[in-house]
Amino acid sequence: MKKTALTLLLSAALTFSVGVFAETAPAAGGSTKTTKNSTALSTHLPVIEAELTFAPKVPKPITRKEPARVVVKLEAIEKVMDIIGGTQFKYWTFNGATPAPFIRVREGDTVEIHLSNPANSKMEHSLDFHSAAAPEGGALASNTKPGRTSVFAFQALQPGLYLYHCAAFPGAATHISKGMFGLMLVEPKAGLPPVDKEFYIVQNEFYTQGDFAAKGLQVFSMEKASYELPDYVVFNGHYGALMGDNALQSNVGDNVRFFIGNAGPNKISSFHLIGKAFDTVYIEGGSLQNHHVQTTLIPAGGAVIAEAKMHVPGSYTFLDHSIFRADKGAKGTLIVAGKENPDIYSGKIKDEAYDKRNPDADVEVNFHLK
Ligand SMILES: [Cu+2]
């Protein structure tokens with residue numbers, strides 16, 4: 001680690017009085033050398049390992065009434081996966097998945113982050129937690145060369161739903177574009193109200209040198225990324241990750257809570273559940289609640305918590321209502337199983353003849369569906 005970064009790190013640790021262990025060894029294969037600052041705030045806490053889940057799963061609600069030191073183990077893994085069937089991309093991930101694991105902690109917890117980078121990785125990686133009160137969100141403390149593990153800690157001071165992502169320098173935008181992002185929920189001390197189902201969704205764009213669905217291993221396009229012309233806008237890292245056999249499952253009467261992030265790197269999401277307005281939205285993932293919301297905005301680098309009670313069975317599509325993006329992958333399905341509810345939705349009551357003619361309808365105009 002460079003001297004300037006270390007100096008910043010030390011001053012940050014002292015300022016915020018959280019436990020910090022900074023990896024200072026210069027290269028892969030060296031000995032372990034740690035810099036340890038005051039940990040008075042957190043060393044007495046019980047130490048527990050975080051339950052980490054891959055999307056669309058969410059860790060169980062926290063029932064603890066006291067703070068803990070929650071250990072989160074992340075590994076930077078470069079991995080070739082399909083964006084869409086037959087179209088491969090060399091993702092950069094945490095723990096082998098895009099989005100990265102969902103992390104659930106409690107307001108006031110100390111979060112101890114371990115970031116490992118395999119010896120034959122090609123890149124350095126780091127972590128910027130939007131939930132951390134630390135310079136660069138912890139990226140200075142977590143910058144990790146191949147063949148090293150970094151450990152640092154921060155206190156989760158503010159409840160809410162937060163993005164975390166790689167912030168490698170230089171090139172954080174590329175690391176996010178390659179798939180290095182996930183969500184952390186900092187539950188308020190009193191917890192969130194119980195619901196029947198919780199799901200984890202993150203939207204992001206992919207920019208490739210080949211066109212949409214071009215076959216073979218695709219190369220990241222810096223040009224398309226800088227002009228904000230995505231080939232793919234997807235939920236949970238892959239086209240169709242929440243469709244067909246991967247659709248989300250719920251039942252009539254369920255209160256469904258969506259934890260939704262937007263990793264961007266560029267586009268704002270207009271998140272919409274077709275067929276049911278959200279009963280409650282925690283705006284931008286914070287404490288302010290809005291009700292009866294048809295479409296909620298999620299800024300790039302932001303998140304929302306959105307809840308919908310499902311009254312009528314069926315197949316419901318959710319999407320980015322910047323709707324041409326749906327064809328690029330920004331759509332998914334929520335299945336609601338159960339008995340019909342004719343008091344709320346009739347279904348088609350009648351289908352009968354209508355003979356009136358509209359002269360303009362016969363005017364020929366070229367249009368293109370493709
Ligand atoms: Cu990275």
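Five strands make up an open sheet with mixed pairing, running in the order β16-β24-β23-β18-β21. Here strands (E, at least two residues) and helices (H or I, at least four) are DSSP runs numbered from the N terminus, and two strands pair if DSSP finds at least two bridges between them. At the edges sit β16 (248-251) and β21 (295-298), each of which pairs on one side only. From one strand to the next, the twist averages 25°; the angles run from 0 to 180 degrees between N-to-C directions, with axes fitted as lines to C-alpha atoms.

This is a predicted model, in which local features need pLDDT of at least 70 and side-chain atom pairs count only at pLDDT 80 or more, while totals for chains, interfaces and linings use all residues. Residues are numbered from 1 along each chain as its sequence is written.

Back to the sheet itself. Strands β23 (residues 314-320) and β24 (residues 331-337) run antiparallel and are joined by six bridges. Gly314 faces Val336 in β24, and Ser315 faces Ile335 in β24. Strand β23 also pairs with β18 (residues 269-273), again in the antiparallel sense, over three bridges. In that pairing, Phe271 has Asp320 of β23 as its bridge partner. As a rule, strands of a sheet pair through backbone hydrogen bonds, either parallel or antiparallel.

Stepping out to the protein chain, there are four helices and 24 strands. Of its 370 residues, 43% count as buried, where buried means that 20 or more other C-beta atoms lie within 10 Å of the residue's own, exposed means 12 or fewer, and partly exposed is in between, with C-beta atoms placed from the backbone.

Leaving aside residues up to four places away in sequence, Ile113 touches Val72, Leu74, Leu127, Gly138, Ser142, Val151, Phe152 and Ala153.

Most residues other than glycine have a negative phi, and most peptide bonds are trans. A cis bond links Ala55 to Pro56, with omega about 5°, and Pro56 is in the loop between β4 (52-53) and β5 (69-84). Another cis bond joins Phe169 and Pro170, with omega about -5°; Pro170 lies between β11 (160-165) and α3 (172-177). Ala213 is not a glycine, yet has a positive phi of about 65°. It counts as partly exposed because it has 16 C-beta neighbours inside 10 Å. Glu228 likewise has a positive phi, of about 60°, in the loop between α4 (222-227) and β15 (232-235). With 12 other C-beta atoms within 10 Å, Glu228 is exposed.

As for confidence, the protein chain averages a pLDDT (the predictor's confidence in each residue, from 0 to 100) of 91, and 88% of the residues score at least 70. Over residues 1-29 the pLDDT is below 50, though this stretch has 63 contacts in the model beyond near neighbours in sequence. Where pLDDT is low, the predicted coordinates should not be read in detail.

How values were computed
Contact = placed C-beta atoms within 7 Å.
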